[in-house]
Every structure is written in structure tokens, then in C-alpha cells.
Amino acid sequence: MKKKCLALFACVCMCTSAQVPGGGYPISPVPFTSVKVTDHFWGQRLRASREVTIPLAFSKCEETGRYDNFVKAACPSPDYQVGGFSFDDTDVYKTIEGASYLLQTYPDKKLEKYIDSVLTVVAAAQEPDGYLFTARTMNPDHPHEWAGSQRWEKVEELSHEFYNLGHMVEGAIAHYQATGKRNFLDIAIRYADCIDREIGEAPDKLVRVPGHQIAEMALAKLYLVTGQQKYLDLAKFFLDKRGYTTRVDAYSQAHLPVLEQEEAVGHAVRAAYMYSGMADVAALTGDMGYVEAIGKIWENVVNKKLYITGGIGATSHGEAFGANYELPNMTAYCETCAAIGNVYWNYRLFLLHGESKYFDVLERTLYNGLISGISLDGGGFFYPNPLASSGQHERQPWFGCACCPSNACRFIPSLPGYVYAVKEGQVYVNLFMENQAELKVKNKTLQLTQTTNYPWDGDIRIDVVPSGKQEFTMKVRLPGWVQGEVVPGDLYAYADQRELGYQVSVNGEVVPVSPEKGYLTIERVWKKGDVIDIHFDMEPRMVVAHEEVEANRGRVAIERGPVVYCAEWADNDCSVSGVLLNKKPAFSVEYKSDLLYGINQIKTSGQLLKYDAGGRLSVEDVLLTLIPYYAWAHRGKGEMAVWLPQEVRAVQPEGVK
């Protein structure tokens with residue numbers, strides 16, 4: 001047996017030299033495989049994911065013993081010391097998911113063969129009844145300390161058995177859709193069937209809910225792929241029993257039944273995954289109680305608990321939401337995984353309601369709090385994403401708890417799937433990036449080509465190529481930042497009274513349009529050669545936070561279009577936390593093609609308060625340079641701030657610790 005295990009592991013070593021389902025939703029996503037992104041901004045990110053992040057993740061799975069755990073589980077022994085985390089298996093599943101997305105757009109026989117070799121090892125670790133949890137199976141008498149003495153004993157606490165199922169299913173479906181092979185899908189189905197046999201309402205079953213949510217989303221997808229009602233029923237069971245088992249704490253969103261919850265509390269990643277699962281189950285079952293509940297929670301987040309970067313989760317204590325208006329900057333947690341979960345959740349709310357406000361939050365998260373967690377070259381990561389630093393923060397090449405890097409592996413390749421959506425004869429244009437897309441509208445093929453330099457300017461051209469003359473409605477999102485709304489609600493506001501303009505032209509003629517649910521609607525019979533030109537005014541704006549946000553009183557943030565800016569040590573010769581911005585600042589914008597893969601820099605003037613040699617407070621005029629927040633911490637450790645003082649009460653003079 002031991003020789004067999006070593007052979008399996010050698011096979012892996014030698015080979016080394018989602019999108020959201022449309023089922024049930026009123027609006028259907030256009031899959032990422034139908035959208036080829038060609039622009040510099042996102043094209044560079046996608047290339048880094050393909051060439052650096054995913055290969056790095058696979059190598060780390062090997063180096064850190066993730067694969068070896070499966071080898072050991074295939075050949076259990078009382079001699080094995082079970083270490084690491086109980087959810088280490090998911091890093092393998094998530095990386096395969098991201099790699100499978102790549103296979104759909106960049107076929108690669110070598111990568112496909114490598115994944116198959118990994119799946120051979122995974123399959124060997126599965127127990128005869130389908131159970132697959134290496135943290136127990138490799139040494140059943142002395143499993144991981146979080147696993148409990150028997151199956152499901154601590155699944156509501158720290159074992160993560162259901163969490164592992166969720167990521168396994170997500171990865172297996174992506175792999176099946178990419179390759180047509182069932183080797184991973186069959187593994188996931190056997191594990192799902194094992195749980196379905198042992199968990200549920202029947203007298204011979206156990207009533208348990210996930211300690212860490214995600215199985216709800218995954219089981220809804222598995223229902224769509226297989227048509228098996230039992231998987232949707234199990235997803236709904238996990239939601240409906242939450243708050244009714246022995247686990248009744250706010251940390252895991254079990255303090256109340258899900259239909260009674262109105263405030264975002266507890267672990268931010270678990271919460272966002274649960275809210276996304278509620279949306280999926282609501283779409284598939286028609287249970288509007290879920291929709292009403294997550295709508296109330298969403299209102300709580302956007303009005304009281306959302307960072308200007310789109311990050312969620314204010315505190316490191318429990319990686320959790322804080323109290324209302326508790327949004328500290330330097331200690332902000334804003335986990336990268338939570339930003340990804342925030343995108344999932346807002347996207348599903350858009351698919352349910354068709355309102356642009358959800359994409360306003362999604363876009364803000366995407367351009368700021370999410371991609372800040374992944375270095376521009378794809379090889380460094382943040383777990384938390386603070387909004388201020390005194391030099392203590394630095395990107396890491398990997399983490400022992402690697403949920404964020406592996407989550408980045410699976411999210412970035414799926415990005416093109418968020419650009420467009422379709423509902424009957426309506427085409428939604430939700431994100432702006434250069435791409436070529438092929439859509440189906442009323443069973444007819446439609447080709448769209450976007451040309452733009454967004455997010456650096458607000459000009460977008462869309463070339464429309466229908467199959468013959470085709471009548472449909474284009475719905476182009478008018479971003480909230482164009483309409484004078486930082487985010488939905490009153491948590492943030494623009495400090496100036498300026499109004500930005502916008503214009504839409506078809507074939508060179510201005511079209512009078514006004515927003516409906518945040519979309520500019522153009523109805524016509526389209527023909528080949530039609531061109532839509534869109535212009536959004538884009539200029540630097542100062543943002544203030546609600547007065548209840550104590551951390552930001554007397555401070556302002558600067559953003560331009562969807563991008564939030566920060567001041568960083570590398571661009572400034574003074575302490576950025578000691579600069580007092582002018583009350584009526586002037587801004588200049590300059591594109592720097594040779595800096596941080598190409599960015600817009602913003603410059604403005606301010607005053608530096610400092611103490612002279614005699615201890616007297618003095619004022620010095622300074623020029624302050626700002627860069628996009630997502631690009632900070634690429635040039636070494638040092639000071640950074642998003643929220644900058646504009647009132648004396650908020651400034652700390654230079655020389656004061």
C-alpha cells in the first residue's frame with residue numbers, strides 16, 4: 001500500500017515539471033467563454049492569472065503537502081500526524097476551478113493532463129461510500145484536532161466538511177464544463193450523495209448546517225447540472241435549519257433563522273457566501289422570503305458597513321463585520337475573500353432585480369477592494385486590505401491559510417462573465433472594458449465589440465453586429481458615480497456640488513436617454529455597422545463619509561471614475577498622514593504608462609503641519625501625489641492612506657508619534 005501511495009505522489013510530481021448559473025434568475029448571464037477581454041487593464045490581470053497565479057497555486061499545493069494529504073488518505077496510517085488546516089483540501093479544488101476556466105478560453109493539453117493526474121490522487125483518497133475529507137481519513141483514530149471523533153461531529157464548528165464539499169462541487173462543475181470529463185464531477189457527486197444520505201430531516205439522519213457556508217451555492221449549481229432535486233433540497237435544508245441547531249451565534253450567522261436576519265453580522269466571507277446561496281435557492285424555488293431577507297441585509301451593508309473600496313468586514317476579531325458605522329482604516333480587515341463574496345452577492349441581486357445599484361457596488365469592489373488583494377504580477381497577495389498603513393503591511397507570496405490566493409485563482413479567470421447579461425429582448429452592458437463578445441438574443445446571434453480606455457477615461461464605443469436586422473433593447477449602465485452617488489444610500493457623499501454629464505450617440509447622432517433603474521435604454525432595429533458611443537465625464541472627486549463614521553471625521557477620500565486613490569510613501573517626500581488637503585483643491589491627472597503597469601496619477605496641493613526645531617507648529621506647502629488604491633504596496637513597505645485630513649482635527653503633525 002505504501003508503494004502505491006508513493007507512486008501516486010510521484011505521478012503528480014512528474015506532471016508538475018464561476019460562472020454563476022442562469023437557472024431560475026429572471027436575467028441570464030452571458031458566460032465568460034463568450035466574452036474575450038482584450039484591453040490593457042483587465043487583459044494584463046487575466047494574463048498574470050494564467051501565467052503566474054494559477055501555476056504558483058499548483059506549485060504551492062505540492063510544496064505545502066496539499067497533494068500529499070490525499071496520498072495519505074488513500075493509505076491511512078496511525079503514524080500520520082495530521083497538521084495544517086481542516087480545509088486545506090479546498091485549495092486544490094479552487095485552483096482546479098480557476099485552471100478549468102482557463103481551459104475553456106485557452107485550451108492546454110499539458111494543463112489538462114496535469115489536472116487529471118491530480119484528480120487521480122484525489123479519487124484514490126475517497127472512501128467507498130463517497131466521504132472525502134483527508135483531515136480525518138488519513139488517520140481516522142487521530143484526525144485533525146478540528147475534525148471531531150466522528151463524521152459531522154464538528155461540522156458546525158471547525159471541521160469544514162461541508163465547506164470542503166462546496167468548493168469541491170464548484171471546482172468539479174467548472175472542470176466538467178471545460179473538458180466534458182466526469183472524473184472530478186463523479187467524485188463530487190459521490191461526496192454530495194454521502195452527505196445527502198446522512199444529513200436531513202428523516203429520523204435516521206442528522207440535522208446539521210455548515211459551519212462555513214458555501215455548500216448552499218454549490219448544491220444549487222449541482223442541481224442545475226444534474227437535474228437531481230435532492231441537491232437543491234439539501235441546499236434549502238442547510239439554509240432553513242440555520243438558527244435551529246446547537247450553533248446559534250452571530251459569528252456564523254446562526255443567531256437567528258435566515259428569514260429573520262436584517263443586519264450583516266459575523267464572519268464576512270461566510271455571510272456573503274450565505275447571502276449568495278440564499279439568492280440562488282430563491283431563484284430556483286421561488287421562495288421570496290430569502291429575497292426580502294437579503295435585501296434588508298444589503299441595505300444595512302451599503303448604508304452602514306461598506307468601505308469606500310467595496311471591502312466588507314471591519315475587524316480582525318472573527319474576520320467580521322463591525323457595528324454600524326464601525327469602519328476603521330489601519331485596522332480594517334476587508335479580507336480579499338470577502339470582496340470576492342461581495343461580488344458574488346451583488347451580482348445575484350442584479351440577476352434578480354435588474355437594477356444598476358448592485359453593479360455600482362460590484363464595480364467599486366472589483367476595481368478597488370478585490371484586485372488590491374492580488375499583486376499586479378499575480379504573485380503576491382494580501383489577506384486583509386487595510387485603508388491605511390504606517391509601513392507594517394506587505395504582500396506575501398502565499399499563506400498557511402491560503403484561502404485568499406486560491407480564491408483569486410478561481411475568480412479572476414471568470415471576470416469576463418460579468419460584462420453582459422440578457423433578458424428576453426434586452427441586452428445589459430454592465431462593465432466597461434475592451435472585449436469581443438457573442439451573445440444570443442431571442443435565439444439570434446449578436447456580436448458586440450467594446451473599445452475603451454476605461455477606467456482611465458469615460459469614453460466607450462460599442463460596435464453592434466446583429467445577424468441581419470434585429471430588434472432588441474440595449475441597456476447601458478449609467479454608473480452611480482456619474483449620477484453623483486458614491487454608493488447607494490448615504491454612507492458616502494461627494495463633497496463638491498459638481499454634476500457630471502454623460503452622452504449617448506448612435507451612428508454619430510445624440511440619443512436623448514434618461515436612466516431607468518440606472519440603465520440608459522436604447523430601443524431600435526439594429527443592423528450591421530451600427531455604433532454606440534458613450535461618454536461619461538470623469539474627473540477627480542472628493543468624498544466624505546457619514547458623520548457617524550468616527551475614523552473619517554475631518555477627512556476626505558479622492559476617487560476618479562470607479563477608482564479610489566491613496567497617497568503612498570513612494571510618491572511623496574513627506575508623511576502622507578500629516579498633509580492637510582486644501583478646502584478647495586485643484587487636481588491634475590497624468591497617465592503614467594511606465595508606472596505600475598500604467599496608471600493615472602492625481603496630484604494636488606496641501607499643507608504639511610510640522611514642528612520646527614523650537615517646538616513651534618509650522619506650515620509648509622507640499623505637492624501630494626496619489627495612485628490607485630489597488631496598486632499600493634508594490635514598491636516596498638511604507639506609509640499609505642486613503643482617507644486624508646482636510647480639517648485640523650484630523651491631522652497628525654509630522655514628528656508626532
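Before anything else, I noted that two strands count as paired if DSSP finds at least two bridges between them. The helices (H or I, at least four residues) and strands (E, at least two) are DSSP runs, numbered from the N terminus.

I also wrote down that this is a predicted model, where local features need pLDDT of at least 70 and side-chain atom pairs count only at pLDDT 80 or more, while totals for chains, interfaces and linings use all residues. Residues are numbered from 1 along each chain as its sequence is written, and side-chain values use heavy atoms, with hydrogens and water left out.

**Entry 1: around E17**

I started with the hairpin of E17 and E18, which has 2 residues between its strands. Gly 561 takes a positive phi near 60° there. E17 (residues 555–560) and E18 (residues 563–568) run antiparallel and are joined by 2 bridges, and I found Glu 559 opposite Val 564 of E18.

Which other strands does E17 pair with? E16 (residues 540–545) is joined to E17 by 4 bridges, antiparallel, and E24 (residues 644–645) by 2 bridges, also antiparallel. Arg 541 stands opposite Glu 559 in E17, and Val 556 stands opposite Leu 644 in E24.

Is E17 enclosed or open? I got 5 of its 6 residues as buried, so E17 is largely enclosed by the rest of the structure. Buried means under 20% relative accessible area (exposed is over 50%, partly exposed in between; 1.4 Å probe, protein chains only).

**Entry 2: another hairpin**

Next I looked at E4 (residues 420–423) and E5 (residues 426–429), an antiparallel pair with 4 bridges. They form a hairpin with 2 residues between them, and Glu 424 in the turn has a positive phi of about 50°. Lys 423 has Gln 426 of E5 as its bridge partner.

On E5 I also found 4 bridges to E9 (residues 470–477), and this pair runs parallel. Val 429 stands opposite Val 476 in E9.

**Entry 3: the open sheet**

I traced 7 strands in an open, antiparallel sheet, in the order E2-E6-E7-E8-E15-E11-E12. E2 (35–37) and E12 (509–510) are at the edges with a single partner strand each, so one side of each has no neighbour in the sheet.

**Entry 4: two helix pairs**

H11 (residues 268–285) and H12 (residues 288–304) pack at about 150°, axes 9 Å apart. For this, axes are lines fitted to C-alpha atoms, for helices over the stretch in contact, and angles run from 0 to 180 degrees between N-to-C directions. That makes H11 roughly antiparallel to H12; the cut-offs are under 35 degrees for roughly parallel, over 145 for roughly antiparallel, 65 to 115 for roughly perpendicular, and oblique for the rest. Among the residues in contact (heavy atoms within 4.5 Å) I listed Tyr 275 and Met 278 of H11 and Tyr 290 and Ile 297 of H12.

H4 (residues 89–105) and H15 (residues 403–411) pack at about 20°, axes 7 Å apart, which makes H4 roughly parallel to H15. Their contact includes Asp 91 and Tyr 101 of H4 and Cys 403 and Arg 410 of H15.
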